[in-house]
Amino acid sequence: MIMKTDEQDSNPSFVLRAIKDVAFEDRDVPKLRDEHDVRVHIAQTGICGSDVHYWQRGRIGDFILNSPIVLGHESSGTVVEVGSAVKNVKVGQRVAVEPGVPCRFCDYCRSGQYNLCNDTIFAATPPWDGTLSKYYVVASDYTYPIPDHMNMEEGALVEPVAVAVQITKVADLRANQTVVVFGCGPIGVLCQAVAKAYGASRVIGVDVVQSRLDFASSFGADDVFLPPKPESGVDPIEHAETVAALLKEKFNLGEGPDIVLECTGAEPCIQAGVFVTKKGGTYVQAGMGKEVVAFPITTACIRALNIKGSIRYTTGCYPAAVDLVASGKIDVKRLITNRFKFEEAEQAFELVKAGKQDVFKVVIEGVQ
Amino acid sequence: MGQEVRPPLPDCLLIYPTTPPYALERDETLTTMQNLSFVLEKTGVVKFEDRPVPKLASDYDVLVNVKFTGICGSDVHYWQHGAIGSFIVKAPMVLGHESSGIITAVGDKVSTVKVGDRVAMEPGIPCRRCIRCKDGKYNLCVDMRFAATPPIDGTLAKYYTLPEDFCYKLPESVSLEEGALMEPLAVGVHITRQANIQPGQSVVVFGSGPVGLLCCAVAKAYGANKIVAVDINKERLDFAKSYAATDIVVSQRESAADSAARIIKDCDLGHGADVAIDASGAEPCIQAGIHVLRTGGTYVQAGMGKSDITFPIGAMGAKELNVKGSFRYSSGDYRTSVDLVTSGRVSVKELISNKVKFLDAETAFNDVKAAKGIKVLIEGVEDSA
């Protein structure tokens, strides 16, 4: 069943043709690949650091831009066509889109770790097209209905909330634990909010930008911390130990927080994060920065830390994220600082790239 | 159990099983048949029937020529009772699910196996899309299609189709007969994982049928240092002792608490066992299993008997036991089974009591029903009589 579309219907798309080279292209309306697929008319798309990174550098790790791809992966939309075996959504339903569909056959998929599948089709990770098109085709079980009172912008913000849910899942956060989150960007503040919603007794946000700390205070963090700059000539590792000690002292964290969520990827934060975690505690690396850093490994060893990486999301994260937004526990609307029309997509990307302090989450409207 | 009256068979069948060894009574031979199958027509009635060779449902499917099939209590139960719980035989269904075979055709996108590969066959295909599947617990899939669980046909046929990731290649050193034992071994592996058996622990296994025996073997491979087999049948227990158990206990008529106390005393279990596995489904064993555990111990229900029983819930609560169910197998269990047999840490050859020809399948079912032997294998359909 298909929602009636104009015979002249097309699929305007925002394409990354090569490094730093974006353009609008008119592509074909995508077809359903099998009876489990749905076609979504994209309503809103948020921009992520990874989108900007592919645009500027053309690669993240082993994912290299070799041919043009449509950008974008944080989207919401309306279902306009469903395959014959689709049961969970109907034409006309408003959904949040989970942008990475795994193969379902490999050992990772079969053991519940589909975020690790080597053959995942992930929107806007080369070579796969993203969601900044009029239409996007995806497996139906990777679309999640959103309630009527959630708007499409909130639907698009479900993706970063799902990332934060996965990070807390990896951290195995339990009620009444203390949490320090390095980074008060979108992922950092969402981790802080999810941690609070999941019963953490104390959540502390760390950042070097005061305005971000102010926002974090008003959002999910119980307390915030601006680490002092290192004095000239001080060894960075020593400085990280100092920052960790200051954190513990200022916020009465005793031997340290139970959980540290590292959402910056910045080397000094990674180091401070390892030093501040209490013995036997858990440190989760979520942020991506330099690929290789100086890591206090002996501290990690002696203090028997659990050190884990977190990537994307697994089963249950999207439904949990929709619920956190729908129930009002996390007000994602407050993260949106700038809005653009589809035709202004390039300006939107430029704005994110400029990295101004007052720009937080930027969303691009879909093709009308 | 009186004389079984064999119902008259229709002309469409080319074989008339009379008494073993079965003989062909017509000129047509097995070579003219496409896909001879052993079918449960309805409760109590089995027959041989030719069916079309199954087509590959997707590019990721393979066609397997089935070589050996073991029989499980569930197969016998469907035969005798026509139902297990809400699964009811409403139409004729091919029996069997514990099989191994040789791949004879592969779909266009198959990359992990090839024609000629000898494989153990995992007979339950999950949907891959539901929450249970994506969470790594595909044995709990709501849309599971399991061979010989109605209405899905089983593997007692010449051919069977499966997705490639449900076929596990057997190394040269592992026979196809052993390959058919991978299914019950995977059940044993799954149970042992549910029980979270750690090296050095003590385990009591109630029931020394194939599953109970295999649980003992896997527990041993996983480093348990005391493995107690409990059964009513001394012969089975003697076998268990020669196979994998360190201690054996014969069940007696006594209260469950007394039985547990006796097991603890006779086997030096200190404050109680770390793990108890019930592979019998028998109410007295389930009760004894709870009582035989130390505080904080783990109990796993694997056996299936009465659906509702009298359960020592007070002891369970006061001792803070972990009580879990175990159902079939999921991610990694089959591969672990193949690895355990390949490396010699678990041996399954000893469990094979008898092999019968395909046309003698009903004899095999009767033997299992009479609890004769441990594992009876039915050979695959021969290409010629």
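Author: Over all chains, the structure holds 41 salt bridges; a salt bridge is a side-chain nitrogen of Lys or Arg within 4 Å of a carboxyl oxygen of Asp or Glu. The model is predicted, and local features need pLDDT of at least 70, side-chain atom pairs count only at pLDDT 80 or more, and totals for chains, interfaces and linings use all residues. Residues are numbered from 1 along each chain as its sequence is written, chains are lettered from A and ligands numbered from 1 in the order in which they are written, and side-chain values use heavy atoms, with hydrogens and water left out.

One of these pairs in chain A is A:R39 with A:E81, whose closest N and O atoms are 2.9 Å apart. The pair links distant parts of the chain, 42 residues apart: A:R39 belongs to strand β3 (residues 37–46) and A:E81 to strand β7 (residues 74–82) of chain A. Helices (H or I, at least four residues) and strands (E, at least two) are DSSP runs, numbered from the N terminus. A:R39 is buried at a relative accessible area of 3%, and A:E81 also counts as buried, at 14%. Here buried means under 20% relative accessible area, exposed over 50%, and partly exposed in between, with a 1.4 Å probe and protein chains only.

In chain B, B:E98 forms a salt bridge with B:K375, and the closest N and O atoms are 2.7 Å apart. This pair links parts that are 277 residues apart, with B:E98 in strand β7 (residues 98–106) and B:K375 in strand β20 (residues 375–379) of chain B. Both ends are covered: B:E98 counts as buried at 2% relative accessibility, and B:K375 is buried with a relative accessible area of 3%. Elsewhere, salt bridges that share partners join B:E41, B:K47, B:E49, B:R51 and B:D153 into one network.

B:D153 lies in the loop between β10 (145–146) and β11 (159–163) of chain B, and B:R51 in strand β2 (residues 45–51) of chain B, so the pair ties together parts that are 102 residues apart in sequence. B:D153 counts as partly exposed at 29% relative accessibility, whereas B:R51 is buried at 18%.

Chain B also has an open sheet of six strands with parallel pairing, in the order β15-β14-β13-β16-β17-β18. Two strands pair if DSSP finds at least two bridges between them. At the edges stand β15 (247–250) and β18 (322–325) of chain B, each with a single partner strand, so one side of each is left without a neighbour in the sheet. Neighbouring strands of this sheet are turned by 15 degrees against each other on average, direction ignored. Strand β13 (residues 202–206) and strand β16 (residues 273–278) of chain B pair in the parallel sense over four bridges, and B:V203 stands opposite B:V275 in β16(B).

Helix α8 (residues 283–291) of chain B lies across β13, β16, β17 (293–301) and β18 of chain B, and runs at about 150 degrees to β17(B). Axes are lines fitted to C-alpha atoms, for helices over the stretch in contact, and angles run from 0 to 180 degrees between N-to-C directions. Seven of the nine residues of α8(B) are buried, among them B:C285, B:I286 and B:I290. Their cover includes β13, α7 (256–266), β16, β17, α9 (313–318) and β18 of chain B; contact means heavy atoms within 4.5 Å.

Back in chain A, helix α9 (residues 317–326) is mostly covered, with seven of its 10 residues buried. The buried residues of α9(A), including A:Y318, A:V322 and A:L324, pack against β8 (94–97), β12 (143–145), α3 (152–171) and α4 (186–197) of chain A. After α9(A) comes A:G328, with a positive phi near 85 degrees.
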